[in-house]
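I opened this entry to keep track of what I looked up, one topic after another, in the structure shown below.

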Amino acid sequence: MLAFIKRHEGLWLFTRSPAVMIAAIVALTIIIGAVFAPWIAPVNPYDLASFSLMDGLLPPVWEEFGSEKFLLGTDDQGRDMISSILYGARLSLIIGVSAMIIATTLGVGLGLAAGYFGGRFDAIVMRIADVQLALPAILTALLIDGIARGVLPPEMQQDLRVVVLTIAIALSLWVNFARTARASTFVQMNKEYVQAAVMQGQHPLRIMFVHILPNILGPLLVIMTVDLASAILLEATLSFLGIGLPADSPSLGTLIRIGMQFLLSGEWWILWIPTLFLIALVVSINLLGDFLRDVFNPRLR
Amino acid sequence: MLRVENLTVKFPSRFGDVTAVEDMSLAIGEGEIHGLVGESGAGKSTVGAAIIGLLQSPGYVSDGTLMLGDTDLRGLDRFAAHALRGKRISMIFQDPQTSLNPLMRIEDQLIETILAHEDMPATAAKKRAVDLLEEMGIEDAATRMQSYPHQFSGGMRQRVVIALALCTNPELIIADEPTTALDVAVQSQVLELIRRLADVRKVSFMLITHDIGVIAQIADTVTVMRRGKLIENGPTAQVLGHPQQAYTKQLMAAVPPLDRKIARFQVPEEDGLAAPGKSKGDAAEAWLLGGERDVPIGLTLNGINVAFPGVRTSIWRKPDAYMALNDISFDVTPGSVMGIVGESGSGKSTLAKTLTGLIKPISGTMTLGGAPLPGGRARSRHHPSRQLIQMVFQDPFSSLNSRHRIGAILSEPLWLYGLVEDKDARRALCADMLGLVGMAPEAIDKYPHQFSGGQRQRIAVARALLARPKILICDEPTSALDVSIQAQLLNLFKDLQSAFGLTVVFISHNLSVVRQMADDVVVLRNGRIQETGPSEAVYQTPQADYTKRLLELTPTMPSAWRA
C-alpha cells in the first residue's frame, strides 16, 4: 500500500497535506449525503404531508426547546432542517455539476478549435469570450431567465427552472475553459508530436481530440474543480436573489434567502446552518482544486 | 588551490537518499583550467554546486573534504559562505540570456556586484567595471555599459557574464557549460578569453561541459565522471589521449571526428533494450523491403524563398518581410544522404518545415521524384508525399505524445495510410519494428516517459519507418543526446539508410556529425546557401570563406588521440 502511494506523486502529496485530506473528507461526505438524500434524510421536504406547521421554528437539539426529532431544528413551515439541507445540496450539486459539464464541453471545444485553427476563427471566438467576460454572471443569468420567461409557456416555466438556471450558469463559466484550452493548445501546437501528426496528414479533429486534448487535461481539470465551486456559489447567489429556485424546491441559496428573514428574530439556525454548509462545501472543493493545481504544475512545488 | 576529496552528495527523496555524487576527488591548481566531462546525469553540475555551496535543496554534502586554499568550505556557516561566493569563487552559467537581469543596465549589475563585496566609492567601482569590460574585449565599454542586456549579442552577453564573475577578483570560477548556447565563432572567442584569464590573471577555472572538443582545446587537466563517480583524471593529453579506463575509451570512440569519415562508431549497443535471442526485426525488415518497393526517389528544390512577417514598425504600414530562406536550390540524389549544416538562425529548421509542408514558400518549386511537390496548405492531407516524406525531430521528449502508449504511436501511420488493415497484424509489425531499431518488443505497451532520450529517438525512427517512407528528414536528431547515445543512433541511421535505400536529409549544426553521415552537403548561413557539394570535397577543400572559418573554429581534438 505504502509502496503504491509512493509511486504515485499525486497520492503521495495527498497523504502529506492534512488540509487537503480534511477537505476531501468534507466534500465527499456532503456529496454522498446529497446524492443519497432520499434515503438518508428523515423526511421529504417536498412532500407537504410530511411536515406540520406545529413543528415550526424549533431550534437545534442542543438548544432549549430543541426536539430530538429535528436534530438541526426546523424552519417556519416546520420542515426538518437536515432534510432541507440535504435535498438543497442535492439540487445545488446537480445544477453545479451539469453547468460545469456544459461549460467544459462548450469552452474546451471552442478553445481547442480556436487554438488549433488560429486566425479569424480564433479572433471571433475570443472576442465573443471577451464580451461574455464583460457581462457579470448575474446579468447573464437574469438575461437567460428573462428570455426563458418570455419564450416558454407559463406551465413549463416551473418545470424548466433548473434547466434555465443551469444554462445561465454554464454560459457565464465557459470563457474560463475556452481561454485555458486555447492557451494550452497554443503551447502544444509547437510541440513536435503535433507537427508530426500534421505532417503525416492526420485529420484536424483527430489531432485536436486524440492528440492535443489528453495533453491539456491537467489545467482543465483544475478549472473544472474551481468552477464547480463557482457554479454552486453562483446558483446560491441567484437563488438568494430570488431568480433561482423557488421556495417549494429549495436549493442551498433558497434556504439562505428564507433564513435571512429570521436572522434578527433569534432563529439563527435557519440562516446559519445552510450557510455554513455551503461554505464548507465550496471551501473544500476549492482546496481540492488548489491541490490538483499543485499536482499538475510541478513548478509551483 | 581547490581540493576536493571523497566528496559525496545525497538527495533525500521519498524513496530514501539518492546518491548524486559518490567519492569524488579532484584538485585544481592556480591558473589551471580543469575540465569536468561526463554525460547527462553524471553529476558534473552537482559537483560544481557543492563547491560553491549552492546545492539545490534538499541535496546535501554527506561526506568528504572541500578546501579552497586554507578555507574549509564545508565548515562555513551560511553567512561566511555567502560572503565567500562571488568574492573567492564565482560562477558562469550556461545561458547568458537568463543569467543577467534584463531590467538592469550592465553598468548597475557590475557596480552592484563590486560594491557588495568591496568597500569602495561608487566611482572607483565604475572605473573597475569599465576596465573589466575592456579587458573582456568589449570596445568603448564606458558607453556600452549603459545598455541593457538585450542590446548585446549572445557572445557579448557571455563576456559580460564573465566580467561579472571576475569583478571581485575570485580565485576560482566555475563555468557550467559556458559555451553550449553559443555558435562556434563566438564559442572560440569566449574560450580564448577564458584561456587568457587563466594565463594572465592566474584565475583557476572549473569547466563543466559535455563537449570533449572544448575540453581538448583548452583544459590543462580533466576529470571524467559517470553516474556520480570518478572514472579517471589527470592531464588532458594523458586522460583523453591515452585513456586507461574502458569508459573513457568508449567515450572517445563515440566522439565524431571532424577530420575524417568513419564507417561505424565502435560503441556497445547497450542503449536499446533488445535482448539477445529475441526478435531482431526480421519481419519488419521483410515488410519494409517487400511489396511494390521500387527505386529510391530524389528531392529537388529550385529557388525556394520563405518569408516571415517582420517586426511591425507602424500600424499603417505592413511589416517588412523577414527572409528566412533565400533562393535555396539543391538536388538530393535518390538513395543518398544530404547533409545540411548551419549555425542557429541559419534557416535549417525552416527548410525542414518547408520540405514537410508545414511552411509555405513564397516562391520557388519543389519536386519529389520528378513530380511537383506543393508547399504549405497547398499540399493536401491526402497528398502522397504525406506518406513518402517522414521526419525525425530534434527533441525526443516532445516528438512523442506523452499520453499515448508506444503501440498507439507506432500504429498510427499504418492505419492512416491504410498500409495494414488488421489490428493484430499492425501490433505484431510494430513490435517487430521496435526490434529492428534495437528496442525490446515489450516496449509497445509502455508510455514514452518510461524511456530515455536515446530510446525515444529510436521509437521516433520506428514511427517514421512504419509509414514506408522514401525520404527521411532528420532535424538535429541527435543534438539532444549524449555522445555515446548519439554514436549508437548514427550507427542505426547508417544501417537503416543502406538497408532500405532511403533518401535522407540530415540537418545538424554539428559539422562533425554531418561529416559522418552525409554524401553531399549544403552549408547554410542566414537563409542563404554558402556552399554545396560532395561532402568530402567540402570538408577537405572548402571554397566559401564561411565554411573555412567554421571548420577552423570548431573545437576538435588532435587526431593522434584516437584509438
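I started at the end of helix 12 of chain B, where I found that the helix is followed by B:G357, whose phi is positive, near 85 degrees. By helix I mean a DSSP run of H or I with at least four residues, numbered from the N terminus, while a strand is a run of E with at least two. I noted that this is a predicted model, in which local features need pLDDT of at least 70, side-chain atom pairs count only at pLDDT 80 or more, and totals for chains, interfaces and linings use all residues. Residues are numbered from 1 along each chain as its sequence is written, and chains are lettered from A and ligands numbered from 1 in the order in which they are written.

I then looked up burial in helix 12 (residues 348-356) of chain B, and eight of its nine residues are buried, so this helix is largely enclosed by the rest of the structure. A residue is buried if 20 or more other C-beta atoms, placed from the backbone, lie within 10 Å of its own, exposed if 12 or fewer do, and partly exposed in between. Among the buried residues of helix 12 of chain B I listed B:K348, B:L351, B:K353 and B:T356.

Next I turned to chain A, whose secondary structure comes to 13 helices and zero strands. Of the 301 residues of chain A, 43% count as buried, and its C-alpha trace spans about 75 × 60 × 30 Å along the principal axes.

I checked the confidence as well, given as pLDDT, the predictor's confidence in each residue from 0 to 100. The mean for chain A is 85, and 96% of its residues reach 70 or more.
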